[in-house]
Structures are given as structure tokens and as C-alpha cells.
Amino acid sequence: MGTIALEGLEFFSYHGFYDEEQKIGNKYSVDIVVTADFSEAARRDRLSATVNYEDLYRITANVMQQPARLLEHIAHRIIQEIRIKYTDLQSVEVSVSKFNPPIGGVCHRAKITLKE
């Protein structure tokens with residue numbers, strides 16, 4: 001077993017619980033970790049035997065373009081789409097961070113993590 005991770009993917013998107021957040025937008029960061037058996041890719045040196053980083057990025061970018069209220073919903077949608085493309089993964093973990101969340105005080109970012 002092994003992992004492939006993409007860390008610090010950044011997007012400007014229109015998510016948020018409050019309507020105003022969906023109008024003005026915000027900066028978000030996404031981290032992805034997929035776990036699977038990568039032994040064939042290691043032996044054969046073939047992209048077709050592993051998870052393509054570009055696919056993970058494209059899936060994430062597409063989900064980030066669709067407005068959502070909750071970070072949990074965004075992470076869930078990313079996981080679902082990754083699992084449609086790569087059905088043999090043992091697990092997919094996605095963290096979504098919102099920079100400067102509207103909490104009434106100083107907070108660099110709010111972050112959630114889902115693993116399925």
C-alpha cells in the first residue's frame with residue numbers, strides 16, 4: 001500500500017453558509033491523500049497503473065467551481081468524484097480550508113477533513 005498526496009491546491013471560489021460569502025467569494029485550499037496498492041506502478045513505471053495527479057486536480061477544480069454552503073459538502077463531492085474515476089482506492093482523504101472565515105474574530109483559516 002502507498003499514498004499519493006496533493007497538498008495546498010488553491011482556488012478562489014464562491015462557497016459559504018451566508019449568501020454574502022457566495023457573492024464575494026474567498027480563497028480556499030484543498031489537500032488530497034489517496035491510499036491504494038501502487039506496486040504495479042512501481043514495478044512497471046506506467047502512469048496507467050497509478051493515480052494521475054492531473055485527474056485529481058481537474059476533479060477538484062470542477063467541484064470548486066460549483067457553489068456550496070458547507071466545506072463538508074465540498075470534501076464529500078470531491079471524494080465521490082475521485083472514487084468514480086478510481087474505483088480501487090482503499091481510502092480518500094480530503095481537507096478543505098477557508099481563509100479568513102467570517103467568525104467575528106481573527107482566524108487564519110477554518111479547515112475540515114473527511115476520509116472515506
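Predicted model: local features only at pLDDT ≥ 70, side-chain atom pairs only at ≥ 80, totals over all residues.
## Helix α4

Helix α4 is made of 15 residues. From its first C-alpha to its last it reaches 22 Å, close to the 21 Å expected at 1.5 Å a residue. Leu71, Ile74, Ala75, Arg77, Ile78, Ile79 and Ile82 are buried in α4. The partners against which the buried residues of α4 pack are β2, α3, β3 and β4 (109–115).

An α-helix has 3.6 residues a turn, so residues three or four places apart point the same way.

In soluble globular proteins, nonpolar side chains tend to be buried together. Here the largest nonpolar core has 29 residues, and those with the most contacts inside it are Val30, Ile32, Val34, Ile82, Val94 and Val96. Two or more residues of this core come from each of β1 (2–13), β2 (26–36), α3 (53–64), α4 (71–85) and β3 (91–99). The largest share, six residues, is given by α4.

Which residues does Val30 contact, leaving aside its neighbours within four places in sequence? They are Leu6, Glu7, Gly8, Leu9, Phe11, Thr60, Met64, Ile78, Val94, Ser95 and Val96.

## Asp31 in strand β2

Asp31 is placed in strand β2. Its side chain reaches the backbone nitrogen of Gly8 at 2.6 Å. Not counting residues up to four places away in sequence, Asp31 touches Leu6, Glu7, Gly8, Glu93, Val94, Ser95 and Lys111.

Asp31 and Glu10 are separated by 21 residues in sequence, and their C-alpha atoms are 9.3 Å apart in space.

Is Glu21 buried or exposed? With a relative accessible area of 10%, Glu21 is buried, because the cut-off for that term is under 20%. Glu21 sits in helix α1 (residues 19–24).

The side chains of Glu21 and Lys98 are joined by a polar contact of 2.7 Å. Beyond residues up to four places away in sequence, Glu21 touches Tyr14, His15, Gly16, Lys98 and Pro102.

## Aromatic pairs

A pair of aromatic rings is described by the distance of the centres and the angle of the planes. The structure has three aromatic pairs. One of them joins Phe12 and Tyr14 edge-to-face, at 5.6 Å centre to centre and with 80 degrees between the planes. Phe12 counts as exposed at 52% relative accessibility, while Tyr14 counts as partly exposed at 38%.

The rings of Phe17 and Tyr18 have centres 5.1 Å apart and planes at 80 degrees, so this pair is edge-to-face. Phe17 is exposed, at 53% relative accessibility, and Tyr18 is partly exposed, with a relative accessible area of 46%.

## The annotated region

In an unreviewed entry, UniProt lists residues 4–116 as "domain: Dihydroneopterin aldolase/epimerase". Over residues 4–116 the chain is 35% helix and 33% strand. The end C-alpha atoms of that stretch are 15 Å apart.

Terms used:
Residues numbered from 1 in each chain as written. Heavy atoms only, no water. Helix = DSSP H or I, 4+ residues; strand = E, 2+ residues; numbered from the N terminus. Buried < 20%, exposed > 50% of the residue type's maximum accessible area, 1.4 Å probe, protein only. Polar contact = N/O pair within 3.5 Å; in protein donor to acceptor, adjacent residues only side chain to side chain. Contact = heavy atoms within 4.5 Å. Core = buried A, V, L, I, M, F, W, Y, C linked by side-chain atoms within 4.5 Å. Expected span 1.5 Å × (residues − 1). UniProt positions renumbered as here; feature names shortened; annotations may be inferred. Phe/Tyr/Trp six-rings, centres within 6.5 Å; stacked < 30°, edge-to-face > 60°.
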